[in-house]
Number of protein chains: 2
Amino acid sequence: MNSIHKPTLVIDSTKVEANIRRMTKKAAQSGAIFRPHFKTHQSVEVGTIFRKFGVDKITVSSVEMAQYFANNNWGDITIAFPVNLREMDEINNIASKITLNLLAESVYTLDFLEAHLSAEVGIFIKIDVGYHRTGLNKESPEIEKMTNLLKTSKMICFLGFLTHAGHSYHARGKDEILTILESAKHQLTGLKQKYLDDFPEIIISYGDTPSCSMAEACSGFDEIRPGNFVYYDVMQYHFGSCSLNDIAVVAACPVGATHTQRNEVVIYGGAVHLSKEHIIADNGFKLFGYVVLLNEHGWSEPIPGAYLSELSQEHGIIRMPEKYLKQLNPGDLVGILPVHSCLTANLLKQQLVI
Amino acid sequence: MNSIHKPTLVIDSTKVEANIRRMTKKAAQSGAIFRPHFKTHQSVEVGTIFRKFGVDKITVSSVEMAQYFANNNWGDITIAFPVNLREMDEINNIASKITLNLLAESVYTLDFLEAHLSAEVGIFIKIDVGYHRTGLNKESPEIEKMTNLLKTSKMICFLGFLTHAGHSYHARGKDEILTILESAKHQLTGLKQKYLDDFPEIIISYGDTPSCSMAEACSGFDEIRPGNFVYYDVMQYHFGSCSLNDIAVVAACPVGATHTQRNEVVIYGGAVHLSKEHIIADNGFKLFGYVVLLNEHGWSEPIPGAYLSELSQEHGIIRMPEKYLKQLNPGDLVGILPVHSCLTANLLKQQLVI
């Protein structure tokens, strides 16, 4: 820890391995292809741990990430984002080297791809199963128009139907999440049955950490794509997706000042390190992270009564009971369990693996 | 604009110049040193525009930023952040080359600096005038202890008292902001008077964009350090610090999908590009940015009734009336006027200056 001079992501590789092992096993028991989302860690090093568990298919959320992992020997990548038609050169370049799968939700996009692709790609039609962020309603007439085009496409191989049930992040409790999962399965299975005669190889692909973590199994889906589970975070803990002990990353931050008279610690660690993602804590206040003490093997349980209460660009403010606060001085390190590890990991370029 | 393939910060240099000109003039009329905060743009190129207006003293918020600007010929830098004692090597390195000023708010920090500095630095004592983020209350006994130490320090030159009245960001209307400014002036002036005999050269330094923008003049302060004004943003517009036309940056984002049935446009532009900073709009909903149309000279007025309503890691969701939405297709560009330009500029590495 002495090598840490500024806000740094500390990764506990034992916890990462345990998280991957658990999800790999669940996918296998469910008979589903495991295609984890790599947007959470965006790290070739963490990717190496996945390889130990036999993972060779991955999901990313941008062409840039696909390029990065394709350049690091990942040969089968799905970009789970409405394809960015302004990056055709990059897409053609990647598709000429590896198996590349894209997402579309309009005839317009398919026509554009057909006219501009120089290498073969796979396409999933994105279905909206209730999150209402992207995707087509299963009743949308656009689906029929798209599949008609895909029957004769030369450059595009139709792979099936894909969804992200992101509304699981707004669900209350396991029951509501499992209802979302069952509804998604029902909707996707219906579409698969409808188009199976014309496209005998199509699959249905599902993924989000809350439902993949809380369901005993994910059977009924051909593929699952959770991502956040590799690190988990305070938000997932609050959903019930994980225990506090499963959280595999902390942001190590130097103490800048301590203020006993207002029970506050100022840390070097702000919105540009942790992101402004927060949850509303039981007391009604905004919570930007729990506070832990770092040691040579990792970190402690959260300090009782302590939490990150405010963030500006570079500053964080920790509320902390006096008896703990008195043990801290400027220049000491504290750890922050992040609210949303995907965003924190994206921001903190410096990483330390323990 | 055709060169833009992914989320990109577009900077209107004419607006940037106008914003700098206005603030430079206000500082001069107030008889205050103008030491703008460079954390907003973090850009050597934008720094060059400041030089045209005679600026040669700057503020930054991290040792890393100080290094960056020191390496690019800026010779007088204040790091307006409680000094990070874990970066003494970097601090000594910068202080050996340029005029470097730091902030302290404890005897502990001064003792540590005195023991570890190998080059001379300036020190401001950080005063809390009501924001309660960092700094000492003007009545704190720590101030007397610190000034006593500073009388005999060999490596530290005491520069005076500095504050950031960040509570101006929570103020309602110009009157409340001007009250904050007057209160800050009163508190800092009192401290200056008290210690002027022992330290005849000390100054008082003040800075935040809302009050420096809304006050007719900043007289009474020896130095001002606003930063955000160089770009402004939707939040500052809502405070009344600027007009919509003063906002000098937009994030250009590719359209991923359009959904007429729910009046939504999905853009490639999410929390990792814009940050999760938001304001609560008049209708009670979260607003992550206004939407503009880009053209070769810059961008349009905000599209009436359109706003960025939701952000996930890479996706943004725009709510937009049908008549405007129908003119957009996947692969087109839209512009987002950011809620907090400092965070958006920090995230978007790709920039285009027009």
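This is a predicted model: local features need pLDDT of at least 70, side-chain atom pairs count only at pLDDT 80 or more; totals for chains, interfaces and linings use all residues.
**View 1. Where chain A meets chain B.** The contact takes 43 residues from chain A and 42 from chain B. On chain A, the elements that each supply at least two residues to the side touching chain B are strand 4 (76-82), helix 5 (107-116), strand 10 (249-259), strand 11 (264-268), helix 10 (271-274), strand 18 (315-319) and helix 12 (341-347). Sorted by class, that side of chain A has 15 nonpolar, 17 polar and 11 charged residues.

**View 2. A positive phi at B:Asn73.** Look for B:Asn73 in the loop between helix 3 (63-70) and strand 4 (76-82) of chain B. Its phi is near 70°, a positive value in a residue other than glycine. Most residues other than glycine have a negative phi. B:Asn73 has 11 other C-beta atoms within 10 Å, so it counts as exposed.

**View 3. A positive phi at B:Ser275.** B:Ser275 is in the chain B loop between helix 10 (271-274) and strand 12 (279-280). Here phi is near 80°, again positive in a residue other than glycine. Is B:Ser275 buried or exposed? It counts as buried, because it has 29 C-beta neighbours inside 10 Å, where 20 or more is the cut-off.

Technical notes:
Residues are numbered from 1 along each chain as its sequence is written. Chains are lettered from A and ligands numbered from 1 in the order in which they are written. Helices (H or I, at least four residues) and strands (E, at least two) are DSSP runs, numbered from the N terminus. A residue is buried if 20 or more other C-beta atoms lie within 10 Å of its own, exposed if 12 or fewer, and partly exposed in between; C-beta atoms are placed from the backbone. Two residues are in contact if their C-beta atoms, placed from the backbone, lie within 7 Å. Ala, Val, Leu, Ile, Met, Phe, Trp, Tyr, Cys and Pro count as nonpolar, Asp, Glu, Lys and Arg as charged, and the others, Gly among them, as polar.
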